[in-house]
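Work through the exercises below with the sequence and the model beside you. Try each task before you read its solution.

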Amino acid sequence: MSARHEERATPLIENAMRRALELAERGPARGANPQVGCVILSPAGDIIAEGWHRGLGTPHAEVDALSKLTADDTRGATAVVTLEPCNHYGRTGPCSEALIGAGVAQVFYAVSDPNPAAKGGADRLREAGVVVTDGVLADEVSQFLHPWLTAVRRGRPYVTLKWASSLDGRAAATDGSSQWITGEAARAHVHAQRAASDAILVGTGTVLADDPSLTARDAHGDVLPDQPTPVVVGERTIPADARLHGHPQPLFAPGTRDLDAILSELFARGVRRAFVEGGPTLASAVVSAGLVDEYLIYLAPVLIGGESLALGDIGVGTLADARRLEILGVERVGDDILVTARPHAPEER
Ligand code: AOF
Ligand code: ZN
């Protein structure tokens, strides 16, 4: 095989990739498909078209950009795209073929597509004589697509675990009262996180104790346009009059505690971001199972003491087995503090 011909990404290409990333951000963060942006450059290096993906069932970024041009414009052009062009007949045709058909001469992309069904576009383009270069601004784009890339690589949703506790790690007082430990700003922050998720998971214990509605609401209490699917983990029966039954999305309550089974089923249904809201039993179970990709820990400046911990037994008997986290950010939200963290070493599953 002859040596692979790659072009080095010049500052012009890197700027085009930065623009492609901005375009990608216009697409929906929720849903089964990734946010992807694409810029087409003329042989002289001018941006002649821009495109982005608007979610499941809509044209891919490359096709969206190409649709704004004629065959004369695209012949010999360069495509700069945040994700490796797909190579499959999914809900839409392969972008590799669309780029080849348009006579594009060069393709630069940032990250490879880990989706086994869609990958292979770079090889297909090379076979057709297109000069393909990967890894342009790979760090920025991987960071941006981190939840989707992680979910697709693992074949299960990206799991964010949230809890709200007192500074001393308590989620309730001894009489069970827990509303509210954190302030209004932190609660509004949580609602925005719910709205950015595809599914929201709680245990049966929380359904029975708190009767949560699990909707994402704005500051006035009005239901936001984007709503996650409510999911209940556990075997106990959900009361017929539970508020969850009034959720705008159909409830998924499979009557099991089997997290692997629940997460694979959610992935198959297109869920890429799952938000685990507790209570402590479910939180401890997802941590024990090594299923948490990101932690959102809201800490209120209050002390409660006692036995009602935000997290119970997570299978750590000795400090050497403690789950070490990497802090990604610490910010004030109203009077509270939000700590964002990830498992220190990549989780095994
Ligand atoms: C691209 N450009 O803009 C996107 C890509 O069901 P489909 O046909 O929409 O295919 C979805 C898969 O295609 C998705 O899981 C991912 O692997 C890839 N997404 N590829 O070339 C795009 N959104
Ligand atoms: Zn595509």
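Donors are N, O and S atoms within 2.8 Å of the metal (3.2 Å for Na, K and Ca), and because water is not among the atoms, sites may look incomplete. This is a predicted model, in which local features need pLDDT of at least 70 and side-chain atom pairs count only at pLDDT 80 or more, while totals for chains, interfaces and linings use all residues. Residues are numbered from 1 along each chain as its sequence is written, chains are lettered from A and ligands numbered from 1 in the order in which they are written, and side-chain values use heavy atoms, with hydrogens and water left out.

**Exercise 1.** Find how the donor residues of the zinc ion (ligand 2) are spaced in sequence, and describe the geometry of the site.

*Solution.* Begin with the protein donors, which are ND1 of His60, SG of Cys86 and SG of Cys95, at 2.0 to 2.2 Å from the zinc ion (ligand 2). Reading along the sequence, the spacing of these donor residues is H-x25-C-x8-C. His60 belongs to the loop between strand 2 (47-52) and helix 2 (61-66), and Cys95 to helix 4 (residues 95-101), so the pair ties together parts that are 35 residues apart in sequence. Helices (H or I, at least four residues) and strands (E, at least two) are DSSP runs, numbered from the N terminus. Next, turn to the angles: the site has 4 donor atoms with angles of 95 to 121° among them, and is tetrahedral, a label given to four donors if all angles lie between 85 and 135 degrees. Ideal angles for four tetrahedral donors are 109.5 degrees.

**Exercise 2.** Decide whether Ser166 is buried or exposed, and list its contacts.

*Solution.* First place Ser166, which lies in strand 6 (residues 158-166). Its relative accessible area is 0%, so Ser166 is buried, where buried means under 20%, exposed over 50% and partly exposed in between (1.4 Å probe, protein chains only). Then, leaving aside neighbours within four places in sequence, Ser166 is in contact (heavy atoms within 4.5 Å) with Ile181, Leu299, Ala300, Val302, Leu303 and Ile304.

**Exercise 3.** What is the phi of Leu137, and where does this residue lie?

*Solution.* Start from the general rule that most residues other than glycine have a negative phi. Leu137 is not a glycine, yet its phi is positive, at about 50°. Leu137 is found in the loop between strand 5 (131-133) and helix 6 (138-144), and with a relative accessible area of 11% it is buried.

Terms used
Four donors count as tetrahedral if all angles lie between 85 and 135 degrees; four count as square planar and six as octahedral if opposite donors are over 155 degrees apart and all others between 65 and 115; anything else is irregular.
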